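Let's take a walk around a ligand and its metal site. Have the viewer open and follow along.

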Amino acid sequence: MGTQEAGGAEPPQGGPFFTMDEVAKRSTGKETWLVIHGRVYDVTRFLDEHPGGEEVLLEQAGQDATESFDDVGHSEDAHEMLKQYLIGEVHPDDLKPGGSKLLDGVVDSHRRGRRPGLDVPLLCHGCEVLLIRCGKQNVGS
Ligand code: HEM
């Protein structure tokens with residue numbers, strides 16, 4: 001009757017990692033792995049139980065099934081079920097570009113790097129304008 005709070009609900013942090021090549025090798029009915037949102041799932045035991053049928057899972061076996069999974073508009077329950085089949089993550093080298101934390105870091109450092117580069121010339125220009133104006137006023141008076 002106790003609650004099962006732990007239950008392996010947490011996704012693995014930092015692996016184990018699998019390359020897409022390794023995932024692709026598990027695309028038979030005997031062993032069926034697929035990728036959803038950068039995570040690797042072993043759905044071999046789930047083939048018989050999937051309400052959408054085993055065919056769709058076999059079609060996606062060994063590949064990134066994110067789009068197909070999302071297109072169906074799976075329920076909250078379905079998302080919860082995912083956790084039971086989670087075995088690891090896609091190796092960072094094989095992650096699709098876009099939405100990558102690595103890139104965010106690069107963009108961020110660029111932004112930080114550009115600020116002083118812009119501010120300093122602007123400040124100098126401001127001083128220059130002020131000096132010229134003061135000079136003109138002095139000459140005129
Ligand atoms: C481990 C991965 C998956 C889990 C746990 C899962 C779970 C479920 C569940 C619980 C349902 C019942 C409806 C719902 O609650 O949303 C369902 C339906 C369905 N699933 Fe999946 N699914 C998975 C992967 C996929 C993939 C990769 C496809 C690819 C096309 C797919 C296609 C479908 C379809 C077509 C239905 C039937 C929808 C309907 O009859 O309205 N599922 N799935």
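This is a predicted model: local features need pLDDT of at least 70, side-chain atom pairs count only at pLDDT 80 or more; totals for chains, interfaces and linings use all residues.

The ligand sits in the second largest pocket. Helix 2 (54–60), helix 3 (66–72) and helix 4 (76–85) are the elements that each give two or more residues to the shell around it. Sort that shell by class and you get twelve nonpolar residues, five polar ones and no charged ones. Out of the 17 residues around the ligand, the ones that come nearest are Phe-46, His-50, Leu-57, His-74 and Ser-75.

Now zoom in on the iron atom of the ligand. His-50 and His-74 both coordinate the iron through NE2, at 2.0 to 2.1 Å. Why is the arrangement octahedral? The iron has six donor atoms around it, and they subtend angles of 86 to 179°, so the geometry counts as octahedral. For reference, ideal angles for six octahedral donors are 90 or 180 degrees.

Where do the two histidines sit in the chain? His-50 is in the loop between strand 3 (39–42) and helix 2, while His-74 is in the loop between helix 3 and helix 4, so the pair ties together parts 24 residues apart in sequence.

In the side chain of Ser-75, an N or O atom is 2.5 Å from an oxygen atom of the ligand.

Technical notes:
Residues are numbered from 1 along each chain as its sequence is written. Side-chain values use heavy atoms; hydrogens and water are left out. A residue is near a molecule or strand if one of its heavy atoms lies within 4 Å of it. A polar contact is a pair of N or O atoms within 3.5 Å; within protein, one must be able to donate a hydrogen and the other to accept it, and residues adjacent in sequence count only if both atoms are side-chain atoms. On a 1 Å grid over the protein atoms alone, a cavity is a set of points where a 1.4 Å probe fits but cannot get out, and a pocket is an open set with protein on both sides within 12 Å along at least five of seven lines; lining residues have an atom within 4 Å of a point. A molecule sits in a cavity or pocket if more than half of its atoms lie within 2 Å of its grid points. Helices (H or I, at least four residues) and strands (E, at least two) are DSSP runs, numbered from the N terminus. Ala, Val, Leu, Ile, Met, Phe, Trp, Tyr, Cys and Pro count as nonpolar, Asp, Glu, Lys and Arg as charged, and the others, Gly among them, as polar. Donors are N, O and S atoms within 2.8 Å of the metal (3.2 Å for Na, K and Ca); water is not among the atoms, so sites may look incomplete. Four donors count as tetrahedral if all angles lie between 85 and 135 degrees; four count as square planar and six as octahedral if opposite donors are over 155 degrees apart and all others between 65 and 115; anything else is irregular.
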